[in-house]
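Me: Could you take me through the side-chain packing in this model?

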Amino acid sequence: MDKNNDLKQRHGCVTFWLWLVLIVNAGFTLQYVASLVDADPLLPLPAVFLLALLGACNVYAALLLLRWNKTGFYLFIFSSLAALVVNVTMLDLHPVQSATSFFGIAIWWGVLQIRRDGHSAWSQMESRGLRL
């Protein structure tokens, strides 16, 4: 364990949010994988595969943020944009309906700004690439 991580502390709401997002995205990923196995004829398999992959990216992003790596936030932005493209182009969802994922980015930014002892979680994070 990194000595710097021992000194960092985040607000309990931030930790709760990170774990909630990790668990929910793991559930969605498993649901998409199960959809691949069942092969619902109404859903294009490439779209379901990509959404499963993006769910796994979100799980990884949450793990990065738990490890004080702000690259996880940027990975969430990427996956939100990619999901928007998949939803509009492959699943024919309305762009306005799909754009609600941008609210998720705003919520993430706000949650990471919650302070504990005068320091936000965001201000304590580092960019260390895509490794845990």
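**Aromatic packing and a lysine**

Me: Tryptophan 122: buried or exposed?
Reply: Tryptophan 122 is buried, at a relative accessible area of 13% (buried is under 20%, exposed over 50%, partly exposed in between, with a 1.4 Å probe and protein chains only). This is a predicted model, in which local features need pLDDT of at least 70 and side-chain atom pairs pLDDT 80 or more, while totals for chains, interfaces and linings use all residues. Residues are numbered from 1 along each chain as its sequence is written, and side-chain values use heavy atoms, without hydrogens and water.

Me: And how many aromatic pairs in the whole structure?
Reply: There are seven (ring centres of Phe, Tyr or the six-membered Trp ring within 6.5 Å; planes under 30 degrees apart are stacked, over 60 edge-to-face, the rest tilted). Tryptophan 109 and tryptophan 122 form an edge-to-face pair, because their planes meet at 65 degrees, with centres 4.9 Å apart.

Me: Which parts does that pair tie together?
Reply: Tryptophan 109 belongs to helix H6 and tryptophan 122 to helix H7 (residues 121-124), so parts 13 residues apart in sequence are tied together. Tryptophan 109 is partly exposed, at 38%.

Me: Which residues form the aromatic cluster?
Reply: Phe73, Tyr74, Trp109 and Trp122 make up one cluster.

Me: Changing topic: is lysine 8 buried or exposed?
Reply: Lysine 8 counts as buried because its relative accessibility is 13%.

Me: What does the side chain of lysine 8 reach?
Reply: The side chain of lysine 8 comes to 2.8 Å from the backbone oxygen of glutamine 124. Leaving aside neighbours within four places in sequence, lysine 8 is in contact (heavy atoms within 4.5 Å) with Trp68, Gln124 and Glu126.

Definitions and conventions. Polar contact = N/O pair within 3.5 Å; in protein donor to acceptor, adjacent residues only side chain to side chain. Helix = DSSP H or I, 4+ residues; strand = E, 2+ residues; numbered from the N terminus.
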